[in-house]
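The sequence and the structure are shown first, and the description follows.

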Amino acid sequence: MRAAMFRGPNQPLSIEEVEIDAPQDREVLVKTAACGVCHSDLHFVDGLYPHPTPAVLGHEAAGVVEQVGPGVTYLKPGDHVIACLSVFCGYCEQCLTGHPNRCYNRSATQRPPAAKPRLLAGGKPVFQFLEISGYAEKILVHENALVKIPEAMPLDRAALIGCGVTTGLGAVLNTAKIEAGSTVAVFGAGGVGLAAIQGARLAGARVIIAVDMHESKLALAKRLGATHAVDASQGDPVGAIRGIVRGGVQYSFEAIGLKAVAEQAFEALAPGGVATIVGMIPIGQKVEVDGFSLFWGERRLQGCNMGSNRFRVDMPRYIDLYMQGRLNLDDMITKRGALEDVNEAFRAMKAGEVARTVLTF
Ligand SMILES: [Zn+2]
Ligand SMILES: [Zn+2]
């Protein structure tokens with residue numbers, strides 16, 4: 001099969017022939033229909049996060065089950081699925097207390113180190129990115145990396161739910177659990193931020209402030225539910241937010257992955273407010289907040305891993321909302337392309353031109 005290979009940071013992915021194994025115990029082979037180009041991949045391509053090479057990136061994928069391995073009872077060939085990087089074992093303490101996104105027994109869903117790798121190129125192992133490797137014609141994953149979805153759901157829009165939508169909606173609905181009538185600021189109007197804005201709209205937020213540096217993304221944010229837009233290229237966004245909601249917002253979300261923006265998300269809070277950090281802040285960077293506003297104002301700063309998802313519960317809910325016309329996924333796809341367009345998709349994302357490019361197969 002063809003796949004987009006990552007051979008090292010700061011170089012384009014190359015389209016190469018990769019051998020994919022047959023499904024073994026509890027594994028499922030899926031024919032990829034679509035894969036979104038998520039910002040997290042770019043963090044690895046840019047070398048901000050380390051990853052062994054060679055590897056096939058991509059993790060926002062949807063497709064159709066082609067073959068199932070021994071012991072798979074949840075799925076059968078022909079089923080439509082979304083893949084999620086929050087692969088869960090199902091029996092560790094995190095999984096059993098309702099936090100499968102924090103599963104700490106991930107090795108139970110991987111092949112043992114001595115076994116044949118799932119992917120090979122020229123007889124040598126190829127690393128699977130986030131246990132998915134979605135920039136490829138097929139993916140081979142543990143069944144607990146998949147959720148079955150209705151066939152009526154278009155697979156290109158389903159793919160978006162695989163990471164960005166689940167992360168943004170989940171940050172609002174699962175991690176922060178905002179109340180109806182709340183005031184909210186979302187920093188970053190990319191795929192995750194736009195989903196958080198929609199989550200805030202669905203949860204009945206009274207004020208939803210989108211903060212971004214790009215005019216076109218702010219316009220889209222307003223179409224998807226933002227009540228106000230703050231162009232951070234025009235000056236201090238914290239002052240602008242405090243100008244809209246006196247005293248600051250009750251909830252803020254950082255959906256970019258920058259230390260400075262995480263600090264702004266905290267500074268934009270009213271007393272008692274909660275800042276939720278969703279973006280991938282580069283490893284080793286420290287986020288600093290003012291100690292006095294933290295304790296005296298009882299403000300909180302919390303992390304959010306993949307929207308605190310229980311994806312087999314959350315994703316079907318999001319599909320219902322889409323089918324009912326209450327969750328807009330159509331406008332979140334700015335561009336479509338083929339596998340070879342992956343590098344152009346990264347460029348467009350870096351330039352701030354797109355909310356999402358979806359590669360279709
Ligand atoms: Zn677990
Ligand atoms: Zn992602």
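P54 is found in the loop between helix 1 (39-45) and strand 5 (55-56). Helices (H or I, at least four residues) and strands (E, at least two) are DSSP runs, numbered from the N terminus. The peptide bond that joins T53 and P54 is cis, with omega about -10°. The model is predicted: local features need pLDDT of at least 70, side-chain atom pairs count only at pLDDT 80 or more, and totals for chains, interfaces and linings use all residues. Residues are numbered from 1 along each chain as its sequence is written, while chains are lettered from A and ligands numbered from 1 in the order in which they are written.

**Backbone angles in loops**

Most residues other than glycine have a negative phi, and most peptide bonds are trans. E131 has a positive phi of about 60° although it is not a glycine; its place is the loop between strand 10 (127-128) and strand 11 (138-142). E298, also a residue other than glycine, has a positive phi near 50° and lies in the loop between helix 8 (291-296) and strand 18 (300-303).

Are these residues buried or exposed? A residue counts as buried if 20 or more other C-beta atoms lie within 10 Å of its own, as exposed if 12 or fewer do, and as partly exposed in between, the C-beta atoms being placed from the backbone. E131 is buried because 21 other C-beta atoms lie within 10 Å. E298 is exposed, since it has 12 other C-beta atoms within 10 Å.

Just after helix 3, K177 takes a positive phi of about 45°.

Two packed helices are described by the angle between their axes and the distance between the axes. Here axes are lines fitted to C-alpha atoms, for helices over the stretch in contact, and angles run from 0 to 180 degrees between N-to-C directions.

| Helix pair | Axes come within | Crossing angle |
|---|---|---|
| Helix 3 (residues 155-176) and helix 4 (residues 191-202) | 7 Å | roughly 45° |
| Helix 3 and helix 9 (residues 311-323) | 10 Å | roughly 105° |

Angles under 35 degrees count as roughly parallel, over 145 as roughly antiparallel, 65 to 115 as roughly perpendicular and the rest as oblique. Helix 3 and helix 9 are therefore roughly perpendicular to each other. R157, I161, V165, T166, L169 and G170 in helix 3 meet F311, D314, M315, Y318, I319 and Y322 in helix 9. Two residues are in contact if their C-beta atoms, placed from the backbone, lie within 7 Å.

**Strand 19**

G337 belongs to strand 19 (residues 335-337). With 15 other C-beta atoms within 10 Å, G337 is partly exposed. Which residues does G337 contact, leaving aside its neighbours within four places in sequence? They are E344, A345, T357 and L359. G337 and V358 are 21 residues apart in sequence, and their C-alpha atoms are 6.3 Å apart in space.
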